[in-house]
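Trainee: Before I use a model like this one, I would like to learn how its features should be read. Could we go through them one by one?

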Amino acid sequence: HHCLKKPFLKQIIAVGSAIAEDKADSGAASYAAAKHGLKGLLHSLQAETDKDVRLFSPGYINAEMLPLAAQSRLAPGVKIHQPEDLAREF
């Protein structure tokens with residue numbers, strides 16, 4: 001809230017999770033709780049300020065933390081994102 005009052009701050013972007021921020025994520029309760037909380041915080045900040053507050057919510061990313069069963073959890077045709085592609089999109 002302190003930073004939101006500063007004129008130099010124009011935009012806040014946080015990284016959420018398309019997998020964990022809206023629904024249960026079996027085996028990742030703490031992670032899902034954090035992402036649910038982040039989404040709620042940002043929605044509240046959007047209502048409280050005229051700053052540009054955004055949430056970037058990718059799906060699974062091909063990284064070291066990727067769950068072993070990630071591909072089997074996805075709908076047919078949905079791919080796991082490459083970090084380089086998401087960096088460009090971000």
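This is a predicted model: local features need pLDDT of at least 70, side-chain atom pairs count only at pLDDT 80 or more; totals for chains, interfaces and linings use all residues.

Trainee: How many bridges join strand β1 to strand β2, and which way do the strands run?

Mentor: Helices (H or I, at least four residues) and strands (E, at least two) are DSSP runs numbered from the N terminus, and two strands pair if DSSP finds at least two bridges between them. Here β1 (residues 11-15) and β2 (residues 52-56) run parallel and are joined by 5 bridges, including the one in which Gln 11 has Asp 52 of β2 as its partner.

Trainee: Is Ser 17 buried or exposed, and which residues does Ser 17 touch?

Mentor: Burial is read from relative accessible area: under 20% is buried, over 50% is exposed, and partly exposed lies in between (1.4 Å probe, protein chains only). Ser 17, in the loop between β1 and α1, has a value of 5% and is therefore buried. Leaving aside residues up to four places away in sequence, Ser 17 touches Tyr 31, Lys 35, Ser 57 and Pro 58, where contact means heavy atoms within 4.5 Å.

Trainee: And where does Ile 61 lie?

Mentor: Ile 61 is found in the loop between β2 and α2 (70-73), and at 30% relative accessibility Ile 61 counts as partly exposed. With the same exclusion of residues up to four places away, the contacts of Ile 61 are Leu 66, Ile 80, His 81, Pro 83 and Leu 86.

Trainee: How many salt bridges does a search of the whole structure find?

Mentor: Side chains of opposite charge can pair when their charged atoms come close. The criterion is a side-chain nitrogen of Lys or Arg within 4 Å of a carboxyl oxygen of Asp or Glu, and the search finds 3 such salt bridges. One of them joins Asp 22 and Lys 39, at 2.4 Å from N to O; this pair links distant parts of the chain, with Asp 22 in the loop between β1 and α1 and Lys 39 in helix α1, 17 residues apart. Lys 39 is buried, its relative accessible area being 18%.

Mentor: Arg 54 forms a salt bridge with Asp 52, their closest N and O atoms being 2.9 Å apart; Arg 54 is partly exposed at 45%, and Asp 52 is partly exposed at 27%. Arg 88 and Asp 85 form a salt bridge at 2.6 Å, and both lie in helix α3 (residues 83-89), 3 residues apart, about one turn of the helix.

Trainee: What is the count of aromatic pairs?

Mentor: Rings of Phe, Tyr and Trp (its six-membered ring) pair if their centres lie within 6.5 Å, and planes under 30 degrees apart count as stacked, over 60 as edge-to-face and the rest as tilted. The count is 1 aromatic pair: Phe 56 and Phe 90 are edge-to-face, at 5.2 Å centre to centre with 80° between the planes. Because Phe 56 lies in strand β2 and Phe 90 in the segment after α3, the pair ties together parts 34 residues apart in sequence.

Notes
Residues are numbered from 1 along each chain as its sequence is written. Side-chain values use heavy atoms; hydrogens and water are left out.
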